[in-house]
Amino acid sequence: TQTALNPNKRVLFKSVNLRAFQFSFTLIPTSREEAEAIKTIVKQFRTELYPEEIAVEGIPFGYKFPNRFIISFYHGENEIAYKLQPAYLTDVTTSFNRGGRGFFEDGNFTETTISLSFKEYRALHKQDIIDGY
């Protein structure tokens, strides 16, 4: 009869996903000072990735949340793109000398790529979009 039952499928709203963002930066030092600054930058991001341990008499029982990041996008003096809610750093990936270069005479890398992943601390709602998020 070339007929079929209508499955009457519907989508039900369940929740809003948290937004996630990824950024990647390639840092190429031109001096020993810049190479040392890059090591400091990498260490700072790695430090902020992890929570602080809460311990009593040396026994760990919890974590203090890591700091949230306030991320904005600017072109000159003008804020561009949309806003981001405060976000937690969820992943840091570091690659060294991806271009196949050697090392500086002092042993520092000639190229460092940092990839950072963030997730907003809360889900958005309609008013947030109206407000520019």
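Predicted model: local features only at pLDDT ≥ 70, side-chain atom pairs only at ≥ 80, totals over all residues.
Visitor: How far apart are the closest N and O atoms of R32 and E36?

Guide: R32 and E36 lie four residues apart in helix 1, which separates them by about one helical turn. They form a salt bridge (Lys or Arg side-chain nitrogen within 4 Å of an Asp or Glu carboxyl oxygen), and their closest N and O atoms are separated by 3.6 Å.

Visitor: Which parts of the structure does the pair of D106 and R32 tie together?

Guide: The side chains of D106 and R32 meet in a salt bridge, with 2.7 Å from N to O. Because the two residues are 74 apart in sequence, their pairing ties helix 1, which holds R32, to the site of D106, the loop between strand 6 and strand 7.

Visitor: Which residues do salt bridges with shared partners join into one network?

Guide: K39 and E36, three residues apart in helix 1 and thus about one helical turn from each other, meet in a salt bridge at 3.3 Å, N to O. Through shared partners, the salt bridges make one network of R32, E36, K39 and D106.

Visitor: What is the relative accessibility of K39?

Guide: Partly exposed means between buried (under 20% relative accessible area) and exposed (over 50%), with a 1.4 Å probe and protein chains only. R32 is partly exposed at 48%, as is E36 at 29%, and D106 is partly exposed at 37%. K39 also counts as partly exposed, its relative accessibility being 44%.

Conventions. Residues numbered from 1 in each chain as written. Heavy atoms only, no water.
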